[in-house]
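Biologist: I am new to structure models. Please show me how to read one, feature by feature.

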Amino acid sequence: MFLKSLTLKGFKSFADATNMHLEPGVTVVVGPNGSGKSNVVDAIAWVLGAQAPKSVRSQKMDDVIFAGTEKRPALGRAEVGLTLDNTSGLLPVEFNEVTITRVLFRSGDSEYMINGAPCRLLDIQELLSDAGVGRQQHVIVSQGQIDAVLNARPEDRRGIIEEAAGVLKFRRRKEKAERRLDATEANLLRLQDLLREVR
Ligand code: ATP
């Protein structure tokens, strides 16, 4: 699986629709200071579902919407689309290409899409976690994160590895199922008490 293309529109410094085609292998983004190189990485983190403004180097989430310049007014929405090559079938869908789209409006409303079909953030998270791209997004490793991984407690480091390996999703589902089992058991006990009272 590799990133095939990235489309930005109204995201940070990319006011105009910008499409980047990527090839398998290493891609290097070059440009002068402040030209928007890191904004490209932020866009990838964002479309993959980043929820904390900090994770895209912002104070608040609507900071990702083009804020305007001396010559151009601010925009009302940011949109990023990321197309993943899925010929390997790593993502559990039958398409050879999967495009994930995220849109944010200044009103705070947001939209998510998979191959153009509206969906929930959860659908995107579940889809990606099968490919080891989890909520913590260890596919994007910043310098600070390398320090954090090296200094992490063993159990936290295990969580990072589990997330990257796609195991964490099953652990979360197991925990959820156990909570439901506990709740059902509590309901059963209560029912038995009620039956005893009625008899
Ligand atoms: P460096 O090489 O110094 O790390 P860079 O190429 O990685 O720089 P970025 O940090 O990606 O640069 O981009 C910074 C630029 O993006 C700044 O000029 C900033 O004004 C602009 N920018 C960030 N957010 C917005 C926004 N919401 N609207 C308009 N411009 C924005």
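Modeller: Start with a proline. P32 lies in the loop between β2 (18-21) and α1. Helices (H or I, at least four residues) and strands (E, at least two) are DSSP runs, numbered from the N terminus. This is a predicted model, in which local features need pLDDT of at least 70, side-chain atom pairs count only at pLDDT 80 or more, and totals for chains, interfaces and linings use all residues. Residues are numbered from 1 along each chain as its sequence is written.

Biologist: Is P32 buried or exposed?

Modeller: First, the rule. A residue is buried if 20 or more other C-beta atoms lie within 10 Å of its own, exposed if 12 or fewer, and partly exposed in between; the C-beta atoms are placed from the backbone. P32 counts as exposed because it has 7 C-beta neighbours inside 10 Å.

Biologist: How confident is the predictor, and what mean pLDDT does the protein chain have?

Modeller: pLDDT is the predictor's confidence in each residue, from 0 to 100. Where it is low, the predicted coordinates should not be read in detail. Here the mean for the protein chain is 90, and 96% of its residues reach 70 or more. The model also scores ipTM 0.96 and pTM 0.78.

Biologist: Which residues does UniProt list for "binding site"?

Modeller: Treat such records with care. Positions are given in the numbering used here, feature names are shortened, and annotations may be inferred rather than shown by experiment. The unreviewed UniProt entry lists P32, N33, G34, S35, G36, K37, S38 and N39.

Biologist: Which residues come nearest to the ligand in the model?

Modeller: A residue is near a molecule or strand if its C-beta atom, placed from the backbone, lies within 6 Å of it. There are 14 residues around the ligand, and N33, K37, S38, N39 and A67 come nearest.

Biologist: Where is N39, and what does N39 touch?

Modeller: N39 sits in helix α1. Contact means that two C-beta atoms, placed from the backbone, lie within 7 Å. Leaving out residues up to four places away in sequence, N39 touches K12, S13 and F14. N39 is partly exposed, because it has 19 C-beta neighbours inside 10 Å.

Biologist: How do I read a phi angle?

Modeller: Most residues other than glycine have a negative phi. Look for exceptions. R57 has a positive phi, near 55 degrees. R57 belongs to the loop between α1 (37-47) and β3 (77-85). N115 also has a positive phi, about 45 degrees, and is not a glycine. N115 is placed in the loop between β5 (110-114) and β6 (117-119).

Biologist: What about helix α5: how many residues, and what reach?

Modeller: The expected span of a helix is 1.5 Å times one less than its number of residues. Helix α5 (residues 168-198) has 31 residues. From first C-alpha to last, α5 reaches 45 Å, close to the 45 Å expected. The number of buried residues in α5 is 1 of the 31, so α5 lies largely in the open.
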